[in-house]
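Please look over this model with me. My notes follow, point by point.

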Amino acid sequence: MRQHLGILLQVMALAWLPLLIVYQLNFGFRLLVMPTCTLIGIVVFWIGTRLRET
């Protein structure tokens, strides 16, 4: 079950970050939002990796 949750978190992170970049390029938002969302994506991907390894 943990492996499935880990894969789901990794897929969500890998799908979210490119969509975030496209949204930023098309519409733009505050400068602080992009690094924050990127860090959240990295943490979500890392948690998914840890779940898959256990």
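**Aromatic cluster and overall build**

1. Tyr-23, Phe-27 and Phe-29 form one aromatic cluster. This is a predicted model: local features need pLDDT of at least 70, side-chain atom pairs count only at pLDDT 80 or more, and totals for chains, interfaces and linings use all residues. Residues are numbered from 1 along each chain as its sequence is written, and side-chain values use heavy atoms, leaving out hydrogens and water.

2. A search of the whole structure finds two aromatic pairs (ring centres of Phe, Tyr or Trp, the latter by its six-membered ring, within 6.5 Å; stacked under 30 degrees between planes, edge-to-face over 60, tilted for the rest). Tyr-23 and Phe-27 are tilted, at 5.0 Å centre to centre and 45° between the planes. Tyr-23 and Phe-29 have centres 5.8 Å apart and planes at 25°, so this pair is stacked.

3. How exposed is Phe-27? Its relative accessible area is 61%, so it counts as exposed (buried is under 20%, exposed over 50%, partly exposed in between; 1.4 Å probe, protein chains only). Tyr-23 is partly exposed at 43%. Phe-29 is partly exposed at 24%.

4. The chain has two helices and zero strands (DSSP runs, numbered from the N terminus: H or I of at least four residues, E of at least two). The radius of gyration is 13 Å, well over the 10 Å from the globule rule for 54 residues, so the chain is more spread out than a compact globule (C-alpha atoms; 2.2 Å times the number of residues to the power 0.38). The C-alpha trace spans about 40 × 15 × 10 Å along its principal axes.

5. Buried residues make up 17% of the 54 residues. Met-12 lies in helix 1 (residues 2–26) and is partly exposed at 43% relative accessible area.
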